[in-house]
Every structure is written in structure tokens, then in C-alpha cells.
Amino acid sequence: MTDTNLTAILYKKDDLRLEDKAIPEPGPGQVQLCMQQVGICGSDVHYWTHGEIGDFVVQQPMVLGHEASGVVSKLGQGVTALKVGDRVAVEPGVPCRRCTYCKSGRYNLCLDMKFCATPPYDGNLARYYIHDADFCFKLPDHVTFEEGALLEPLSVGVHACNRGNVGLGSKVLICGAGPIGIVNLLVAKARGASKVVITDLDEKRLEFARQMGADHVIPVKSKDPKVTVTQVEEVLGEGADITIECSGAPPSIRTAIYATKSGGCVVLVGLGPDLIELPVVNASVREVDIRGIFRYVNCYPTALAMVASGKVNVKPLVTHRFSLEQSLEAFEAAKRGEGVKIMISCQPK
């Protein structure tokens, strides 16, 4: 098989194949990208192992990958803000730009969003890919391609901290020390949070969180949320001003509500079951706000500025590296839960 545009294609559950595809040509307003680095997200693994996430079902072959960076290799008609050779990070969602949500600045809620590697839209785990130019962000020379790819999960942390109004002196609880919990830790600290506490079931994850700057880590040992809440209050001196729930586990969401002080805010980032039993009356009478987030909106420039300025260091998140030819091995490692972030290099050595 010739290797013109080696691509990782998910045909159906448990059926991921590497195949050669034609190099795509950019349309008006688009750029062709010579892809460099693509990180594996939990959603990529979930589509591979389950064939669906909620209402999004893989019904036809779909290219995986959405945490990405590349080099502009060709310009579509009308593109003037980028040039061939520019190094860019790819914001993977392209909205319609015309609906009420888009016009009001909340384009992440656009009902016609085309998001990489979300059925039926292809992702960018390939040698070449095309994307709308205005959702490609030029990287300064000192920012690596891996850092560019990590702007995607980092933007989730930026959006979550925006929704929770994390600021100077905030006392923050983060539930879940996976990659998304860690990026929320990094953003919260960069925004001036005075104390950040992280909970998790996994001691290794908690140790990594401590290395990344968590002020306190709490291993969850009991199914009773009140036990964990007591530990949180002991280290913070009171309840959390803002709790960012990143696991999606129902017991953890209950803990998040109980552990947030009256008048505080709970931000729900992790996705769990559709229906969850929650202490809503407890939150209501204490005026604890509960806010959801969906991906991110207008966050890439902030995420890039944080990395480029050195205020946030995402480099330690990359613990495993594979070539595009090793994509199946990379996904197997991700499925086993190895490391923190697995990165795939898309260009041949």
C-alpha cells in the first residue's frame, strides 16, 4: 500500500484500521494541513470500544482524532490570515456562524456544529486534513506541536474555570485527577486560585496531580460523600468556593454539591449517566449554583496565551508517544489507562 495520506479510520465498534486516502483539497476559507501531533482523548477510545457516545453513533467509517496541530500546506480561496508553512493548533469544532447561539458568542452550542471525530464528521488523525482557516491558531516558534495539540484539553479547563469564575484567592475543589482534572488544576492555579484540592480513587493519579501543583490531594476511600466532604473542609478550612467535577461519577457529583460552600458554584465537566440522583434541595437552599459546560467557546486564544507565556506548562502531560503507523498500539495503551496523555506523531520520520 502506498502511503499518500495514512489515516486512522474507525469502521465500527472494535474495528480501527489504518488506510491510505487521497489528500484532501481545501475549499473556500479552508486550509490543507500537514498534520503533526494528535493526542488521544477519552472520547476517541470510547467510540472505538463502544461505537457510540450518547446520541452520537458511528454509523459509517469515521476518522478519529481531534486534539491536533499541523502545518499549513495549501490555502483555499479567500484565506489571507494564514500562509503556507504556518504552524497551527486546530480548534476542532466549526459552527455555522449564523444561528442565534453563534451570533451571541456561544458558538459551542450551535446545533449545526461540525466537530472532528464526532459522528458523522471525520477527525484529523491522518497525514493530511482540511479545516476552516479561522479555527486554526498560529503557534509562536517556541511553542511545540505537542503543546499546540494540548490546547484542546486545556481549553476545556479554561471554559470550566470561566463558568465557575475562578479568580484570585479562590478555593477550588476538583473531583477527578484524570487529564481533564489536571488541566483544570493548571488553569485554576494560573488564574490565581489560592488553594486547589483534587480527589480521585487512583493514588497514582493523585501523586501526578501533586507534582503538577495541587495543594492537597484526597484519595476517595468511602462511598459516603460526607466522608470526603469532611476531608475537603479540613484542608480548606471551609467548603470550596468553586467545585469542578471532572469524573461524571454520580457519587462524585453528590460530593461536589455537598463540598461547595453556600453561595458557591459547581461546574459539571465530566459526563456520566443521563439520569442521576442529586441533592438538589441541599444546593437550592444554600444557593449553590450548578452549571454545565459543553466543550469550550472562545477559549483557544487564552489557552495559547497561557502556554506561550509560560504561565501554564502542559509538557508533563505527555507520557507516551507513538507514530501514526503505531496508532493501534497507541489506542490499546490508552484503553489500558496507561500514562496521562498519549500523543501520536502523524508524519513519517
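Author: This is a predicted model.

Reader: What makes the pair of Ser69 and Phe145 a polar contact?

Author: The cut-off for a pair of N or O atoms is within 3.5 Å. A polar atom of the Ser69 side chain lies 2.8 Å from the backbone oxygen of Phe145, and 2.8 Å is therefore within the limit.

Reader: Which residues does Ser69 touch, not counting those up to four places away in sequence?

Author: They are Met35, Gln36, Gln37, Val88, Ala89, Phe145, Gly148 and Ala149.

Reader: How do you know that the radius of gyration of the chain agrees with a compact globule?

Author: A compact globule of 349 residues would have a radius of gyration near 20 Å. The chain has 20 Å, so the two agree. Buried residues make up 54% of the 349 residues. Among contacts with a separation of 6 or more, 68% are between residues 24 or more positions apart.

Reader: What lines the second largest pocket, and how much space lies in it?

Author: About 420 Å³ of space lies in that pocket. Of its 25 lining residues, the closest to its centre are Gln30, Asp122, Tyr129, Ile130 and His131. Strand β11 gives the largest share of the lining, five residues. The lining divides into 14 nonpolar, five polar and six charged residues.

Key: Residues numbered from 1 in each chain as written. Predicted model: local features only at pLDDT ≥ 70, side-chain atom pairs only at ≥ 80, totals over all residues. Heavy atoms only, no water. Polar contact = N/O pair within 3.5 Å; in protein donor to acceptor, adjacent residues only side chain to side chain. Contact = heavy atoms within 4.5 Å. 1 Å grid on protein atoms, 1.4 Å probe; cavity = no way out; pocket = protein on both sides within 12 Å on 5 of 7 lines; lining within 4 Å. Points joined across faces, edges and corners; volume = space filled by probe spheres on them. Helix = DSSP H or I, 4+ residues; strand = E, 2+ residues; numbered from the N terminus. Nonpolar A, V, L, I, M, F, W, Y, C, P; charged D, E, K, R; others polar. Rg over C-alpha atoms; globule rule 2.2 N^0.38 Å. Buried < 20%, exposed > 50% of the residue type's maximum accessible area, 1.4 Å probe, protein only.
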